[in-house]
Amino acid sequence: MKFYFKLAATNLKADRRLFVPFVITTSFLMAINLIMLNAYASSDVLFSEFGASAGRSLFMFGSVITAIISVILVIYANNFLRKQRIRQLGLYNIIGFGKGELSKMMAIEKLLLLLTTLLLGGALGTVLSRISYLTLAKTLHVNHHLAFGLSQKAFSIAGMITIGLFIILMFIDEIWLIRKQPLDLVREQSAGEREPKIAWFTLIFSLVCLIAGYTLAVVITNPLEAMSMFFFAVILVITGTYGLFTSGSVFVLKWLRRRQNYYYQPKHFINVSNLLYRMQQNGAGLASIAILVTMTLITLATTATLFFGINEIVNAQTPVDLSYSLKTNDADAANRVTELAKTHHVHVRSIRTFSGPSSTLALLEKNRLNSQSSINGPFGFDNARSVQLMTIANYNRYTGQSRSLNGNNILIYTSNHYAGNTLIIGKQSYHVATRVSSFPNAPKTFIPNLFVAFPSETQMLAALHHLYPKKTLAELKTDVTTNQDLMLSGSHANQTKLYQDLNKSGIALPDTVQSRAVNYDDTTSMMSSFLFLGIVFGVTFILATLLILYYKQLAEGYADERRYTILQRVGLSLREVRSTINSQLLMLFYLPLVVAAIHVGFALPFVQRIMMLFGLPDWQFFLTVSLITLAIFAVIYVLMYRLTGNVYYRIVSRRQPTSRR
Amino acid sequence: MSTLLKLKNVEKTYTSRGAQPVQALVNISFTVESGEFVAIMGESGSGKSTLLNLIATLDNPTGGEITLNGQDLRKVKEGARAKFRREHLGFIFQDFDLLDTFNVQDNIFLPLVLAKKPLALMKERLAKLALRLGISDLLQKYPYELSGGQQQRVAAARAMITEPEILLADEPTGALDSKTSSELLDLLTDVNAQIQQTILMVTHSAIAASHSQRVLFIRDGQIFHQLYRGELDQPDFLTRISETMTAMLTKEGEGQ
């Protein structure tokens, strides 16, 4: 047994150039998993009440995705590793190592790699997790002594994921070894390199997955449904991307090769055949890059939009500086609040009072307004309206106008266009006599507003009864709340103090006081933490992309070295070699970027719908932030291209055409 | 017959930092006439591969001059060398050096594609060549599906499709068994006889050399002896070559 450990250690040392990147990859992946799991574990501390569930589910989502990416990446890396070592394994086979001994040797190598990964990944993950926690706590103004930011559970899960990964790898190696005939090992390098066939099933299946994913992104316009289907759509698109990169690329390249006028051009000739030749193993790597790039872009664009949209979100949620509800029509409340404000050096600029029923969700079907319980199942958001019923007296009191209505005439305000001249509520048809284009302090949400003012209270109650069929008229008549909306001037801190005092004062109903200043603080802390996460994610994805790119260039450099030597002998100048390599690298580099851009194109409207839930209905703003993110990312991507392209070029052109193999 | 290749006082010295300079070639002069089949024989380390690399413009001599068809190879600029090789020279290597990413047909087309020749011309030349080399059935296969002998014939086709002025063969039978070796050598002889293809072959095999018309023996970077085949048939020429080699080896023994 000792012998095998020595042998395995010698192998690892001898093939440093293969194993060092491998261990860096696995360690880094373990660190990512650790960061995510630690963040997930401390989400309760970091997100106090507000946004806790959103934060948790975001971290959960991230943990699952990083685990999936880890599995794919490591299997990809391992395949690469094994392919590079076939000759060496064959040699061991020839000098008398049976399959049993070989599999023992490989398993012990894996064991050593696993231990290194656990050590390196654990250390790196610990440091990064701690830094993440401290930064998060600081941004969120959470006392960082509340927790340490490192969870034992996170460590054991990340450890288990890593160990599980290596067990999968050992399993794959074992199956590969069992299926090989002894001498195959020596011949493998040439025999393994046959032209890929078009995998029709994979091609069609992945095409279906991708189309389904895209369709979901386009068809689902309901924000809540979009949120629940998001994960499913992501899985579909990921599956489709992997399948298409491996099988679709072979299909396209074979098609290009059949077009003789295109194919028999020096650059295309070499590139198409080279790409075709190695697309099956390369496809997975490229697909990973495309998905990582997509995720980076969406994560950064979304979190940045939320962060920079804080004002808009706050204004949508709290249109006035201070609002609260009163028990009854307490005439004195306004004065008492004004007095209270004075003690905090806050000046009340205006007070608007609204007395009437609370607003409710209802369905507008053509010109008929129905309660949302009148249909079964989930209702479409296209028809949903946030309905506020009132009398014309209520309207006049709140807006300070003096309008009058009579008969079955009504006044309406809508935040989206309503074309009808009549509005039917229950059995009664009303005539739309007045339309107002604005309503002070109307909340901005993804569900359009529909405010209706009636001539008399009786008419309003009848309409209300239709929307609340379970309540009696008498109940509805007494079920009236009074809201006061205040505009203030005064410092942020003073407004916060006023909010706290007002909550304690007993003037307003409990839990009804809302302050824009307080909401601003809450929203800022939540969006900052989102942005922080987005950056952590983004950096992680970018680094993972860099690792794959580097690995890919290394592998391909070694594989192409001999090819370019031959080409130089046959009559390709060094300059032509360089330009051929460049165009091939460009293709391999920009293909994932283009695919990612298409993915993002489909994902943006989808994500935008979800962001409407946060009160960000402005898609132009989101688009602008996305484009800026894309531009920044493109620069980083080009830098990575330069960096890894050099690795490839150095390997390929280091050998003079004169030297023999 | 006109002189195709001319070497005059060619020298090659390798100097590496901190080490003694190594003289690989010393004062080599010879000519190859158009349509000739010349073999250069020598043991490993004799300098014969260095010599071939110089003629192939893959390396520069440190002294003397090499001309091909009157063109001084030293004056072919670094950037234009690939084009020069493509247009004037054909190569056959010991390890075939076929590209595994291409099928047989595309491997043969390669130099013409690099030279941006029209597809029709490529197809026309290939049709003739494939027939002559007996590889018509193999065109759609991939290198890994071929035997060594087949691969070397494909390599020969790739070298000849550009209709080079001179065909340079570096140990072309080195990786082949005796049967396929003799098939390939017969093929080279035929090509030389039928279309007057000039061939310069570097080898350490007496049998391979015996298929040529003239053998240059090279030892320690110098031309040691030259042998013309004249009217001899191949087996007789082989005997002469063997005798010369024996003499050379004996002399080497005496020299010590």
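This is a predicted model: local features need pLDDT of at least 70, side-chain atom pairs count only at pLDDT 80 or more; totals for chains, interfaces and linings use all residues.

Reader: Which order do the strands of the open sheet in chain B have?

Author: Strands of a sheet pair through backbone hydrogen bonds, either parallel or antiparallel. Here the six strands follow the order E6-E7-E8-E3-E9-E10 in chain B, with mixed pairing. Strands (E, at least two residues) and helices (H or I, at least four) are DSSP runs, numbered from the N terminus, and two strands pair if DSSP finds at least two bridges between them.

Reader: Which strands of chain B stand at the edges?

Author: Strands E6 (89–92) and E10 (222–228) of chain B do; each has a single partner strand, so one side of each is left without a neighbour in the sheet. Further in, E3 (residues 37–41) and E9 (residues 214–219) of chain B run parallel, joined by four bridges. For instance, B:Val38 has B:Arg214 in E9(B) as its bridge partner.

Reader: How many residues does the largest nonpolar core have?

Author: In soluble globular proteins, nonpolar side chains tend to be buried together. A nonpolar core is a set of buried Ala, Val, Leu, Ile, Met, Phe, Trp, Tyr and Cys residues joined through C-beta atoms within 7 Å. Buried means 20 or more other C-beta atoms within 10 Å of the residue's own, with C-beta atoms placed from the backbone. The largest core has 208 residues, and B:Ile55, B:Ala157 and B:Leu168 have the most contacts inside it. H18(A) gives the largest share of this core, 23 residues.

Reader: Is A:Met390 buried or exposed?

Author: A:Met390 has 22 C-beta neighbours inside 10 Å, so A:Met390 counts as buried. You'll find A:Met390 in strand E5 (residues 384–391) of chain A. Leaving out residues up to four places away in sequence, A:Met390 touches A:Gly356, A:Tyr395, A:Ala453 and A:Met460; contact means C-beta atoms, placed from the backbone, within 7 Å. A:Phe451 is 61 residues from A:Met390 in sequence, yet their C-alpha atoms are 7.8 Å apart.

Reader: How many residues of chain A are in contact with chain B?

Author: 25 residues of chain A are in contact with 26 residues of chain B.

Key: Residues are numbered from 1 along each chain as its sequence is written. Chains are lettered from A and ligands numbered from 1 in the order in which they are written. A residue is buried if 20 or more other C-beta atoms lie within 10 Å of its own, exposed if 12 or fewer, and partly exposed in between; C-beta atoms are placed from the backbone. Two residues are in contact if their C-beta atoms, placed from the backbone, lie within 7 Å.
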